[in-house]
Amino acid sequence: MNRAKLEVGELSSSLIHKEKPRDGVVHGFSGEEQDGIKTTSATTMVVLSTSVAVCGSYVFGTAIGYSSPAQTGITDDLGLSVAEYSFFGSILTIGAMIGAVMSGRLADYIGRKRTMGFSEIFCIIGWLLILFSKAALWLDFGRMLVGYGMGLLSYVVPVYIAEVTPKDIRGGFTSVHQLMICCGVSITYLIGAFATWRTLALIGTIPCLMQLLGLFFIPESPRWQAKIGKWKECEASLQCLRGNNADISNEASEIKDYTEQLQRLSESSVFDLFQKDYAWSLIVGVGLMVLQQFGGVNGIAFYASSIFISAGFSGSVGMIAMVVVQVPMTTLGVLLLDKSGRRPLLLVSAAGTCLGCFLVGLSFLLQDLQQWKEVTPILSLVGVLVYTGSFSLGMGGIPWVIMSEIFPINMKGSAGSLVTLVSWLGSWIISFAFNFLMKWSSTAKLVPETKGRTLEEIQASMNPVSLER
(Lines give C-alpha, C1' and ligand atoms only; values in the text may rest on other atoms or scores of the structure.)
Protein backbone atom coordinates (compact mmCIF):
# COMPACT_ATOMS: atom_id res chain seq x y z
CA MET A 1 0.00 0.00 0.00
CA ASN A 2 1.50 3.35 -1.00
CA ARG A 3 1.93 5.81 1.79
CA ALA A 4 0.64 9.31 1.09
CA LYS A 5 3.51 11.78 1.02
CA LEU A 6 2.91 14.76 3.25
CA GLU A 7 5.80 17.06 4.06
CA VAL A 8 5.84 18.56 7.52
CA GLY A 9 6.28 22.06 6.14
CA GLU A 10 3.26 21.73 3.88
CA LEU A 11 1.12 20.48 6.74
CA SER A 12 2.14 23.18 9.16
CA SER A 13 1.93 25.99 6.63
CA SER A 14 -1.63 25.08 5.75
CA LEU A 15 -2.54 25.57 9.38
CA ILE A 16 -0.34 28.49 10.35
CA HIS A 17 -0.90 30.85 7.46
CA LYS A 18 -4.59 31.43 7.98
CA GLU A 19 -6.21 34.73 7.09
CA LYS A 20 -6.96 36.74 10.20
CA PRO A 21 -10.46 38.02 10.74
CA ARG A 22 -11.02 41.62 9.63
CA ASP A 23 -11.73 42.73 13.16
CA GLY A 24 -8.18 41.83 14.14
CA VAL A 25 -9.33 39.42 16.82
CA VAL A 26 -8.20 35.82 16.91
CA HIS A 27 -11.23 33.75 17.86
CA GLY A 28 -11.41 30.35 19.44
CA PHE A 29 -10.30 30.91 23.04
CA SER A 30 -11.78 32.62 26.02
CA GLY A 31 -9.87 35.69 27.14
CA GLU A 32 -9.66 39.47 27.32
CA GLU A 33 -9.08 41.91 24.48
CA GLN A 34 -6.01 44.12 24.69
CA ASP A 35 -5.29 46.53 21.81
CA GLY A 36 -7.51 44.55 19.47
CA ILE A 37 -5.78 41.23 20.22
CA LYS A 38 -7.52 38.45 22.08
CA THR A 39 -5.31 37.12 24.91
CA THR A 40 -5.81 33.64 26.22
CA SER A 41 -7.00 32.86 29.72
CA ALA A 42 -7.71 29.57 31.42
CA THR A 43 -11.31 28.59 32.08
CA THR A 44 -12.43 26.79 35.21
CA MET A 45 -12.70 23.53 33.27
CA VAL A 46 -9.14 23.80 31.94
CA VAL A 47 -7.89 24.36 35.48
CA LEU A 48 -9.99 21.46 36.81
CA SER A 49 -8.88 19.12 34.01
CA THR A 50 -5.23 19.99 34.61
CA SER A 51 -5.63 19.55 38.36
CA VAL A 52 -7.12 16.08 37.97
CA ALA A 53 -4.47 15.06 35.46
CA VAL A 54 -1.57 16.18 37.65
CA CYS A 55 -2.82 14.02 40.52
CA GLY A 56 -1.11 11.35 38.41
CA SER A 57 2.06 13.45 38.44
CA TYR A 58 1.87 13.56 42.23
CA VAL A 59 1.59 9.76 42.27
CA PHE A 60 4.71 9.72 40.09
CA GLY A 61 6.51 11.87 42.66
CA THR A 62 5.49 9.82 45.70
CA ALA A 63 6.79 6.66 44.02
CA ILE A 64 10.17 8.27 43.28
CA GLY A 65 10.46 9.81 46.72
CA TYR A 66 9.43 6.69 48.63
CA SER A 67 12.66 4.69 48.55
CA SER A 68 14.87 7.29 50.24
CA PRO A 69 13.02 7.79 53.57
CA ALA A 70 11.87 4.15 53.62
CA GLN A 71 15.36 2.65 53.18
CA THR A 72 16.34 2.30 56.83
CA GLY A 73 12.95 0.97 57.94
CA ILE A 74 12.63 -1.62 55.17
CA THR A 75 16.19 -2.91 55.45
CA ASP A 76 15.85 -3.26 59.23
CA ASP A 77 12.38 -4.83 59.25
CA LEU A 78 12.86 -7.21 56.32
CA GLY A 79 16.62 -7.67 56.59
CA LEU A 80 17.47 -6.60 53.02
CA SER A 81 21.06 -6.31 51.83
CA VAL A 82 22.38 -3.37 49.81
CA ALA A 83 21.92 -5.38 46.60
CA GLU A 84 18.35 -6.37 47.53
CA TYR A 85 17.36 -2.82 48.39
CA SER A 86 18.99 -1.49 45.22
CA PHE A 87 16.87 -3.99 43.30
CA PHE A 88 13.76 -2.80 45.16
CA GLY A 89 14.55 0.81 44.34
CA SER A 90 15.33 0.15 40.69
CA ILE A 91 12.49 -2.31 39.91
CA LEU A 92 10.19 0.70 39.93
CA THR A 93 11.86 1.78 36.69
CA ILE A 94 11.60 -1.72 35.20
CA GLY A 95 7.84 -1.55 35.68
CA ALA A 96 7.90 1.98 34.26
CA MET A 97 9.70 0.75 31.14
CA ILE A 98 6.98 -1.85 30.56
CA GLY A 99 4.35 0.86 31.04
CA ALA A 100 6.24 3.18 28.72
CA VAL A 101 6.26 0.62 25.90
CA MET A 102 2.47 0.35 26.13
CA SER A 103 1.66 3.97 27.00
CA GLY A 104 1.39 5.56 23.55
CA ARG A 105 -0.62 2.80 21.92
CA LEU A 106 -2.89 2.38 24.94
CA ALA A 107 -3.60 6.12 25.11
CA ASP A 108 -4.38 6.14 21.38
CA TYR A 109 -6.63 3.08 21.64
CA ILE A 110 -8.71 3.71 24.79
CA GLY A 111 -8.21 7.46 25.21
CA ARG A 112 -6.30 9.73 27.57
CA LYS A 113 -8.79 9.59 30.46
CA ARG A 114 -9.19 5.82 30.49
CA THR A 115 -5.42 5.36 30.36
CA MET A 116 -5.02 7.53 33.46
CA GLY A 117 -7.69 5.54 35.27
CA PHE A 118 -6.19 2.23 34.15
CA SER A 119 -2.75 3.23 35.45
CA GLU A 120 -4.10 4.27 38.85
CA ILE A 121 -5.63 0.84 39.43
CA PHE A 122 -2.16 -0.71 39.10
CA CYS A 123 -0.66 1.94 41.38
CA ILE A 124 -3.23 1.26 44.11
CA ILE A 125 -2.66 -2.51 43.95
CA GLY A 126 1.11 -1.94 44.06
CA TRP A 127 0.97 0.33 47.10
CA LEU A 128 -1.25 -2.17 48.96
CA LEU A 129 1.19 -5.01 48.21
CA ILE A 130 4.03 -2.91 49.63
CA LEU A 131 1.91 -2.04 52.67
CA PHE A 132 1.18 -5.67 53.57
CA SER A 133 4.41 -7.31 52.37
CA LYS A 134 6.32 -9.58 54.74
CA ALA A 135 9.03 -10.62 52.29
CA ALA A 136 11.15 -9.05 49.57
CA LEU A 137 9.26 -10.84 46.78
CA TRP A 138 5.93 -9.12 47.42
CA LEU A 139 7.68 -5.85 48.18
CA ASP A 140 9.38 -5.94 44.78
CA PHE A 141 6.22 -7.02 42.95
CA GLY A 142 4.24 -4.14 44.47
CA ARG A 143 6.98 -1.68 43.57
CA MET A 144 6.99 -2.95 39.97
CA LEU A 145 3.21 -2.50 39.67
CA VAL A 146 3.50 1.08 40.93
CA GLY A 147 6.25 1.56 38.34
CA TYR A 148 4.04 0.20 35.57
CA GLY A 149 1.31 2.70 36.40
CA MET A 150 3.93 5.43 36.64
CA GLY A 151 5.24 4.59 33.17
CA LEU A 152 1.77 5.09 31.72
CA LEU A 153 1.22 8.32 33.64
CA SER A 154 4.57 9.82 32.65
CA TYR A 155 3.40 9.85 29.03
CA VAL A 156 -0.34 10.42 29.17
CA VAL A 157 -0.47 13.26 31.73
CA PRO A 158 1.62 15.86 29.82
CA VAL A 159 0.01 14.80 26.52
CA TYR A 160 -3.51 15.23 27.92
CA ILE A 161 -2.69 18.65 29.40
CA ALA A 162 -1.05 19.82 26.15
CA GLU A 163 -4.12 18.74 24.17
CA VAL A 164 -6.73 20.49 26.35
CA THR A 165 -5.01 23.83 27.04
CA PRO A 166 -4.89 26.90 24.74
CA LYS A 167 -1.56 27.42 22.98
CA ASP A 168 -0.59 30.65 24.79
CA ILE A 169 -0.64 28.99 28.21
CA ARG A 170 0.13 25.42 27.17
CA GLY A 171 3.76 25.45 28.29
CA GLY A 172 3.03 26.71 31.78
CA PHE A 173 0.15 24.30 32.31
CA THR A 174 2.08 21.32 30.95
CA SER A 175 5.01 22.08 33.23
CA VAL A 176 2.69 21.78 36.24
CA HIS A 177 3.26 18.06 35.61
CA GLN A 178 6.85 18.50 36.83
CA LEU A 179 5.77 20.79 39.67
CA MET A 180 3.46 18.10 41.04
CA ILE A 181 6.14 15.42 40.64
CA CYS A 182 8.36 17.70 42.71
CA CYS A 183 5.60 18.19 45.30
CA GLY A 184 5.06 14.43 45.48
CA VAL A 185 8.77 13.79 46.07
CA SER A 186 9.08 16.64 48.58
CA ILE A 187 6.01 15.82 50.66
CA THR A 188 6.98 12.13 50.71
CA TYR A 189 10.41 13.13 52.02
CA LEU A 190 8.79 15.24 54.75
CA ILE A 191 6.23 12.64 55.81
CA GLY A 192 8.85 9.90 55.60
CA ALA A 193 10.99 11.69 58.18
CA PHE A 194 8.27 10.96 60.76
CA ALA A 195 6.13 8.06 59.43
CA THR A 196 6.93 4.37 59.05
CA TRP A 197 7.45 2.87 55.61
CA ARG A 198 4.11 1.04 55.80
CA THR A 199 2.22 4.23 56.68
CA LEU A 200 4.00 5.98 53.82
CA ALA A 201 2.79 3.27 51.41
CA LEU A 202 -0.79 3.67 52.64
CA ILE A 203 -0.61 7.45 52.11
CA GLY A 204 0.56 6.74 48.55
CA THR A 205 -2.89 5.41 47.63
CA ILE A 206 -4.64 8.74 48.41
CA PRO A 207 -3.70 10.69 45.23
CA CYS A 208 -4.51 7.59 43.16
CA LEU A 209 -8.05 7.55 44.51
CA MET A 210 -8.37 11.33 44.03
CA GLN A 211 -7.54 11.05 40.33
CA LEU A 212 -9.86 8.09 39.81
CA LEU A 213 -12.72 10.13 41.27
CA GLY A 214 -11.81 13.32 39.42
CA LEU A 215 -11.76 11.65 36.00
CA PHE A 216 -15.56 11.46 36.11
CA PHE A 217 -15.80 15.26 36.07
CA ILE A 218 -13.48 16.27 33.21
CA PRO A 219 -13.79 15.94 29.41
CA GLU A 220 -11.76 13.69 27.15
CA SER A 221 -9.07 15.25 24.96
CA PRO A 222 -10.84 16.83 21.95
CA ARG A 223 -7.81 16.09 19.77
CA TRP A 224 -7.98 12.38 20.57
CA GLN A 225 -11.72 12.40 19.85
CA ALA A 226 -11.03 14.07 16.50
CA LYS A 227 -8.36 11.47 15.75
CA ILE A 228 -10.87 8.61 16.10
CA GLY A 229 -13.55 10.47 14.11
CA LYS A 230 -15.85 11.58 16.96
CA TRP A 231 -16.38 15.12 15.66
CA LYS A 232 -19.49 15.96 17.71
CA GLU A 233 -17.84 14.78 20.91
CA CYS A 234 -14.71 16.73 19.95
CA GLU A 235 -16.67 19.98 19.60
CA ALA A 236 -18.59 19.32 22.83
CA SER A 237 -15.35 18.75 24.77
CA LEU A 238 -13.74 21.82 23.23
CA GLN A 239 -16.76 23.97 24.10
CA CYS A 240 -16.70 22.65 27.66
CA LEU A 241 -12.99 23.48 27.96
CA ARG A 242 -13.18 26.97 26.41
CA GLY A 243 -16.43 28.05 28.07
CA ASN A 244 -20.07 28.03 26.99
CA ASN A 245 -19.88 31.53 25.45
CA ALA A 246 -16.55 31.06 23.65
CA ASP A 247 -16.35 30.96 19.87
CA ILE A 248 -14.56 27.68 19.15
CA SER A 249 -15.16 27.64 15.39
CA ASN A 250 -11.60 28.53 14.36
CA GLU A 251 -9.92 26.16 16.80
CA ALA A 252 -12.31 23.31 15.95
CA SER A 253 -11.73 23.90 12.25
CA GLU A 254 -7.96 23.86 12.73
CA ILE A 255 -8.08 20.60 14.67
CA LYS A 256 -10.35 19.06 12.03
CA ASP A 257 -8.19 20.19 9.09
CA TYR A 258 -5.02 18.98 10.73
CA THR A 259 -6.53 15.62 11.67
CA GLU A 260 -7.96 15.04 8.20
CA GLN A 261 -4.61 15.73 6.58
CA LEU A 262 -2.87 13.35 8.95
CA GLN A 263 -5.43 10.65 8.23
CA ARG A 264 -4.20 10.55 4.65
CA LEU A 265 -1.17 8.81 6.08
CA SER A 266 -1.32 5.10 6.81
CA GLU A 267 -1.27 3.95 10.44
CA SER A 268 2.15 4.72 11.88
CA SER A 269 4.50 2.31 13.60
CA VAL A 270 7.57 2.90 15.72
CA PHE A 271 9.77 2.16 12.68
CA ASP A 272 8.22 5.10 10.81
CA LEU A 273 9.85 7.40 13.37
CA PHE A 274 13.24 6.68 11.85
CA GLN A 275 12.37 8.33 8.53
CA LYS A 276 14.16 11.59 7.80
CA ASP A 277 10.91 13.58 8.10
CA TYR A 278 10.86 12.87 11.84
CA ALA A 279 14.64 12.76 12.47
CA TRP A 280 14.85 16.20 14.08
CA SER A 281 11.89 15.56 16.40
CA LEU A 282 13.26 12.15 17.36
CA ILE A 283 16.76 13.45 18.11
CA VAL A 284 15.37 16.27 20.25
CA GLY A 285 12.87 14.08 22.12
CA VAL A 286 15.22 11.17 22.83
CA GLY A 287 18.26 13.38 23.35
CA LEU A 288 16.59 15.48 26.04
CA MET A 289 15.50 12.35 27.93
CA VAL A 290 19.03 10.90 27.78
CA LEU A 291 20.50 14.15 29.13
CA GLN A 292 17.80 14.36 31.80
CA GLN A 293 18.33 10.85 33.16
CA PHE A 294 22.08 10.43 32.82
CA GLY A 295 22.53 13.67 34.71
CA GLY A 296 21.91 11.39 37.71
CA VAL A 297 18.67 12.84 39.02
CA ASN A 298 17.18 9.53 40.13
CA GLY A 299 20.36 8.56 41.96
CA ILE A 300 19.89 11.66 44.10
CA ALA A 301 16.09 11.37 44.33
CA PHE A 302 16.08 7.66 45.28
CA TYR A 303 18.99 7.74 47.73
CA ALA A 304 19.26 11.34 48.96
CA SER A 305 19.31 10.28 52.60
CA SER A 306 22.27 7.92 52.16
CA ILE A 307 24.19 10.59 50.19
CA PHE A 308 23.92 13.06 53.06
CA ILE A 309 24.82 10.43 55.65
CA SER A 310 27.88 9.34 53.63
CA ALA A 311 28.96 12.97 53.44
CA GLY A 312 28.69 13.33 57.21
CA PHE A 313 25.44 15.32 57.19
CA SER A 314 22.03 14.60 58.72
CA GLY A 315 19.87 12.69 56.22
CA SER A 316 16.55 14.09 57.47
CA VAL A 317 17.80 17.70 57.59
CA GLY A 318 19.28 17.34 54.11
CA MET A 319 16.01 16.04 52.66
CA ILE A 320 14.03 18.86 54.28
CA ALA A 321 16.49 21.34 52.76
CA MET A 322 15.89 19.72 49.35
CA VAL A 323 12.16 20.25 49.79
CA VAL A 324 12.69 23.93 50.60
CA VAL A 325 14.62 24.37 47.35
CA GLN A 326 12.68 22.07 45.00
CA VAL A 327 9.18 23.46 45.22
CA PRO A 328 10.00 27.19 44.78
CA MET A 329 12.42 26.50 41.91
CA THR A 330 9.91 24.29 40.11
CA THR A 331 7.23 26.95 40.60
CA LEU A 332 9.61 29.56 39.17
CA GLY A 333 10.20 27.33 36.15
CA VAL A 334 6.46 27.03 35.58
CA LEU A 335 6.04 30.81 35.69
CA LEU A 336 8.97 31.48 33.36
CA LEU A 337 8.35 28.77 30.79
CA ASP A 338 5.94 30.68 28.53
CA LYS A 339 7.76 34.00 29.09
CA SER A 340 11.43 33.15 28.66
CA GLY A 341 10.95 30.15 26.37
CA ARG A 342 12.07 26.54 26.62
CA ARG A 343 15.67 26.81 25.38
CA PRO A 344 17.00 29.55 27.74
CA LEU A 345 15.62 27.71 30.78
CA LEU A 346 17.16 24.44 29.58
CA LEU A 347 20.58 26.04 29.16
CA VAL A 348 20.53 27.68 32.60
CA SER A 349 19.23 24.47 34.18
CA ALA A 350 21.88 22.29 32.53
CA ALA A 351 24.69 24.62 33.65
CA GLY A 352 23.38 24.56 37.22
CA THR A 353 23.14 20.78 37.38
CA CYS A 354 26.71 20.53 36.09
CA LEU A 355 27.91 22.86 38.85
CA GLY A 356 25.97 20.91 41.49
CA CYS A 357 27.50 17.58 40.42
CA PHE A 358 30.96 19.14 40.49
CA LEU A 359 30.48 20.41 44.06
CA VAL A 360 29.20 17.04 45.32
CA GLY A 361 32.07 15.20 43.63
CA LEU A 362 34.56 17.69 45.07
CA SER A 363 33.18 17.20 48.58
CA PHE A 364 33.65 13.42 48.42
CA LEU A 365 37.13 13.82 46.92
CA LEU A 366 38.16 16.10 49.80
CA GLN A 367 36.65 13.63 52.24
CA ASP A 368 38.78 10.80 50.79
CA LEU A 369 41.88 12.99 50.96
CA GLN A 370 41.08 13.90 54.57
CA GLN A 371 41.13 17.60 53.66
CA TRP A 372 38.81 20.36 54.90
CA LYS A 373 36.85 17.91 57.05
CA GLU A 374 34.65 20.63 58.52
CA VAL A 375 33.70 21.96 55.08
CA THR A 376 32.92 18.77 53.14
CA PRO A 377 29.45 18.07 54.67
CA ILE A 378 28.33 21.65 53.91
CA LEU A 379 29.85 21.45 50.43
CA SER A 380 27.94 18.24 49.67
CA LEU A 381 24.69 19.82 50.89
CA VAL A 382 25.26 22.94 48.78
CA GLY A 383 26.08 20.77 45.74
CA VAL A 384 22.92 18.68 46.10
CA LEU A 385 20.79 21.79 46.61
CA VAL A 386 22.31 23.55 43.59
CA TYR A 387 21.74 20.42 41.51
CA THR A 388 18.17 19.93 42.77
CA GLY A 389 17.21 23.59 42.30
CA SER A 390 18.71 23.79 38.82
CA PHE A 391 17.12 20.53 37.72
CA SER A 392 13.72 21.63 39.04
CA LEU A 393 14.00 24.91 37.12
CA GLY A 394 14.14 23.34 33.67
CA MET A 395 15.65 19.91 33.03
CA GLY A 396 12.99 18.21 35.13
CA GLY A 397 9.89 19.37 33.29
CA ILE A 398 10.86 20.88 29.94
CA PRO A 399 11.81 17.58 28.20
CA TRP A 400 8.29 16.28 28.94
CA VAL A 401 6.72 19.53 27.71
CA ILE A 402 8.70 19.41 24.47
CA MET A 403 7.97 15.69 24.01
CA SER A 404 4.23 16.44 24.13
CA GLU A 405 4.60 19.23 21.53
CA ILE A 406 7.02 18.15 18.80
CA PHE A 407 5.41 14.98 17.40
CA PRO A 408 2.33 15.06 15.12
CA ILE A 409 -0.79 13.28 16.33
CA ASN A 410 -0.33 10.30 14.00
CA MET A 411 3.15 9.64 15.44
CA LYS A 412 2.53 10.73 19.01
CA GLY A 413 1.68 7.26 20.31
CA SER A 414 4.74 5.50 18.90
CA ALA A 415 7.05 8.44 19.60
CA GLY A 416 5.76 8.88 23.14
CA SER A 417 6.31 5.22 23.91
CA LEU A 418 9.88 5.30 22.58
CA VAL A 419 10.85 8.54 24.32
CA THR A 420 9.31 7.44 27.62
CA LEU A 421 11.02 4.04 27.35
CA VAL A 422 14.40 5.74 26.86
CA SER A 423 13.72 7.90 29.91
CA TRP A 424 12.92 4.96 32.15
CA LEU A 425 15.77 2.83 30.81
CA GLY A 426 18.18 5.59 31.80
CA SER A 427 16.44 5.90 35.15
CA TRP A 428 16.84 2.17 35.82
CA ILE A 429 20.55 2.19 34.99
CA ILE A 430 21.20 5.12 37.32
CA SER A 431 18.97 3.97 40.20
CA PHE A 432 20.32 0.39 40.20
CA ALA A 433 24.00 1.29 39.83
CA PHE A 434 24.05 4.25 42.21
CA ASN A 435 24.39 2.41 45.53
CA PHE A 436 27.21 0.27 44.14
CA LEU A 437 29.01 3.29 42.69
CA MET A 438 28.80 5.03 46.06
CA LYS A 439 30.87 2.17 47.52
CA TRP A 440 33.24 1.67 44.57
CA SER A 441 35.84 3.75 42.80
CA SER A 442 37.39 2.60 39.54
CA THR A 443 40.53 4.61 40.30
CA ALA A 444 40.94 3.09 43.76
CA LYS A 445 40.23 -0.47 42.59
CA LEU A 446 42.04 -0.63 39.28
CA VAL A 447 45.02 1.74 39.41
CA PRO A 448 47.86 0.34 41.56
CA GLU A 449 50.22 2.40 43.67
CA THR A 450 53.66 2.34 42.01
CA LYS A 451 55.60 4.58 44.39
CA GLY A 452 58.61 2.84 45.98
CA ARG A 453 58.20 -0.37 43.98
CA THR A 454 60.54 -1.81 41.39
CA LEU A 455 59.38 -2.25 37.83
CA GLU A 456 59.55 -6.02 38.27
CA GLU A 457 57.28 -5.89 41.34
CA ILE A 458 54.76 -3.67 39.58
CA GLN A 459 54.65 -5.80 36.45
CA ALA A 460 54.52 -9.06 38.40
CA SER A 461 51.52 -7.81 40.44
CA MET A 462 49.63 -6.70 37.36
CA ASN A 463 50.67 -9.45 34.95
CA PRO A 464 51.27 -12.62 36.97
CA VAL A 465 53.07 -15.18 34.83
CA SER A 466 53.80 -18.66 36.00
CA LEU A 467 57.52 -19.42 35.89
CA GLU A 468 56.75 -23.08 35.46
CA ARG A 469 56.34 -24.17 31.88
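The paragraphs below begin with the whole chain and end with single positions.

This is a predicted model, in which local features need pLDDT of at least 70 and side-chain atom pairs count only at pLDDT 80 or more, while totals for chains, interfaces and linings use all residues. Residues are numbered from 1 along each chain as its sequence is written, and side-chain values use heavy atoms, with hydrogens and water left out.

The chain contains 21 helices and 2 strands. These elements are DSSP runs numbered from the N terminus, a helix being H or I over at least four residues and a strand being E over at least two. Of the 469 residues in the chain, 53% are buried; buried stands for under 20% relative accessible area, exposed for over 50%, and partly exposed for the range in between, with a 1.4 Å probe and protein chains only. A contact is defined as heavy atoms within 4.5 Å. Among the contacts in the chain with a separation of 6 or more, 81% join residues 24 or more positions apart.

On a 1 Å grid over the protein atoms alone, a cavity is a set of points where a 1.4 Å probe fits but cannot get out, and lining residues have an atom within 4 Å of a point. Grid points are joined across faces, edges and corners, and the volume is the space filled by probe spheres set on the points.

The largest cavity has about 310 Å³ of space. Its lining is made of 22 residues, and I64, Q178, I181, V297 and F391 lie nearest its centre. Several helices each supply at least two residues of this lining, including α2 (44–78), α7 (176–192), α17 (376–395) and α19 (409–438). By class, the lining of the largest cavity has 13 nonpolar, 9 polar and no charged residues. In this scheme Ala, Val, Leu, Ile, Met, Phe, Trp, Tyr, Cys and Pro count as nonpolar, Asp, Glu, Lys and Arg as charged, and the others, Gly among them, as polar.

The second largest cavity has a volume of about 70 Å³. Among the residues that line it are S175, Q178, T330, G333, S392 and G397. Helix α15 gives the most to this lining, with 4 residues, and α15 and α17 each supply at least two. The lining of the second largest cavity divides into 5 nonpolar, 7 polar and no charged residues.

Attention now turns to the nonpolar cores. A nonpolar core is a set of buried Ala, Val, Leu, Ile, Met, Phe, Trp, Tyr and Cys residues joined through side-chain atoms within 4.5 Å. The largest one has 98 residues, of which Y66 and I74 touch the most other members. Helix α2 provides the largest share of this core, 14 residues. Domain 1 (41–218) and domain 2 (270–441) each give at least three residues to this core. Leaving aside neighbours within four places in sequence, I74 is in contact with Y66, G79, L80, Y85, F88, L139 and W197. A second, separate core of 6 residues includes C234, L238, I248 and I255.

Four single positions complete the account. G416 is in helix α19 and is buried, with a relative accessible area of 0%. Not counting residues up to four places away in sequence, G416 touches Y155, M403 and M411. G416 and Y155 are 261 residues apart in sequence, yet 6.4 Å apart in space, C-alpha to C-alpha.

T376, in helix α17, is buried with a relative accessible area of 5%. Its contacts, leaving aside neighbours within four places in sequence, are with S363, L366, Q367 and Q371.

G214 belongs to helix α9 (residues 205–214) and is also buried, at a relative accessible area of 11%. G214 and S49 are 165 residues apart in sequence and 8.5 Å apart in space, C-alpha to C-alpha.

F122, in helix α4 (residues 112–132), is partly exposed, with a relative accessible area of 24%. Not counting residues up to four places away in sequence, F122 touches L145, V146, Y148 and G149.

Notes
On a 1 Å grid over the protein atoms alone, a cavity is a set of points where a 1.4 Å probe fits but cannot get out, and a pocket is an open set with protein on both sides within 12 Å along at least five of seven lines; lining residues have an atom within 4 Å of a point. Domain bounds come from an automatic or database domain assignment.
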